[in-house]
Amino acid sequence: MEKRYRNFKIIIKDSYDNTSSAVADIIADCINTKANTVLGLATGGTPVGAYKKLIEMQSAGKLDFSRVTCFNLDEYHPIAATNDQSYKYFMKDNLFDHINIDPANTHIPDGMAADVQTECIAYEQKIAAASGIDLQLLGIGMNGHIGFNEPASAFSRVTNYVELEASTIEANSRYFDSADEVPKHALTMGIGTIFAARQIVMMITGAAKANIAEAAVLGNITPQVPASILQLHPNVMLVMDGDAAKNIIARLA
Ligand code: F6R
């Protein structure tokens, strides 16, 4: 099912697997159109299926990452790259180690940076030197965050050092032995950085995200729901499963 709402193109699939395929197809089209595509990538549970599909496409010879550059949204701080909960480790494990991307073209904020402000400025400069992001893949947090831009973050902010909300620490503790082990800070692209991407693909799956998806897409544009700023972006696709889209479907019917 496809719907249009304001500037959003909303693609709704019947399962997580088909949602993942749809996201992978959009990314593959972008790379097949522009071999030196600059991708913005996300971690978390949501995009794992799409990354698997991309790996399959590359193994089948349908995709070539050799000229692709990637910038990830965020990284915990402090966290070592060798820690299996770091986003650096996650990206290697779930995508980079299985495709023909040049590791030198994969960028993630340094979770061990001694000077976080310098690291944030350098990250923005690297994105600018790559001529900006062609396609930014996003998930959404239960509180509406994108990247680690928690509610009340300024829409104009670029890459920065942030304190994580208790609810985000709690949500992400499922990957750690306990909530105490989740780092309390992160380096994240700002909402301004994300908004500057030429195309945005937001993937939302699962019934638990139905309320926040509705607020982000149909609610007020407010820093209290960081993803709501996407209502103003000229080129956004929302790729959702029916569970995540159920409130939106009901209201747009
Ligand atoms: C990840 C990120 C986060 C996640 C969000 C949803 O790089 O920036 O904003 O996209 O927390 O996470 P999941 O997919 O685990 O529900």
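**Notes on a predicted model**

1. Setting aside neighbours within four places in sequence, methionine 240 is in contact with Ile10, Ile11, Ile12, Lys13, Thr19, Ile204, Ala213, Ala245 and Ile248. Keep in mind as you look around that this is a predicted model.

2. Next, have a look at β2 and its partners. On one hand there is β1 (residues 2-5), which pairs with β2 in the antiparallel sense over four bridges. Tyrosine 5 has phenylalanine 8 of β2 as its bridge partner. The two strands make a hairpin with two residues between them, and arginine 6 in the turn has a positive phi of about 50°. On the other hand there is β11, which runs parallel to β2 and is joined to it by six bridges. Here lysine 9 stands opposite methionine 237 of β11.

3. Which loop holds the cis peptide bond from histidine 77 to proline 78? Proline 78 sits in the loop between β5 (74-77) and α3 (87-94), and the omega of the bond is near -5°. It is worth checking by eye, since most peptide bonds are trans.

4. Stay in that loop for a moment, as serine 86 is also found between β5 and α3. Is serine 86 buried or exposed? Its relative accessible area is 0%, so serine 86 counts as buried. Leaving out neighbours within four places in sequence, serine 86 is in contact with Glu75, Ile79, Ala80 and Ala81.

5. Two more backbone spots deserve a look. Most residues other than glycine have a negative phi. Serine 131, though not a glycine, has a positive phi of about 70°, and it lies in the loop between α4 and β7 (135-138). With a relative accessible area of 53%, serine 131 is exposed. Alanine 152 is not a glycine either, and its phi is positive at about 85°. You will find alanine 152 in the loop between β7 and β8 (160-163). Alanine 152 counts as exposed because its relative accessibility is 52% and the cut-off is over 50%.

6. Finally, the ligand. Which residues are closest to it? There are 15 residues around the ligand, with Gly45, Thr46, Asp74, His145 and Gly147 the closest. Several polar atoms can be picked out. A polar side-chain atom of threonine 43 is 2.9 Å from a ligand oxygen atom. For histidine 145, an N or O atom in the side chain is 2.7 Å from an oxygen atom of the ligand. With glycine 147 the backbone takes part: one of its polar backbone atoms is 2.7 Å from an oxygen atom of the ligand. On its own the ligand has 410 Å² of accessible area, and the protein covers 93% of that.

Note on methods. Residues are numbered from 1 along each chain as its sequence is written. This is a predicted model: local features need pLDDT of at least 70, side-chain atom pairs count only at pLDDT 80 or more; totals for chains, interfaces and linings use all residues. Side-chain values use heavy atoms; hydrogens and water are left out. Contact means heavy atoms within 4.5 Å. Two strands pair if DSSP finds at least two bridges between them. Buried means under 20% relative accessible area, exposed over 50%, partly exposed in between (1.4 Å probe, protein chains only). A residue is near a molecule or strand if one of its heavy atoms lies within 4 Å of it. A polar contact is a pair of N or O atoms within 3.5 Å; within protein, one must be able to donate a hydrogen and the other to accept it, and residues adjacent in sequence count only if both atoms are side-chain atoms. Accessible areas come from the Shrake-Rupley method with a 1.4 Å probe; for residues, only the protein chains shown count as cover.
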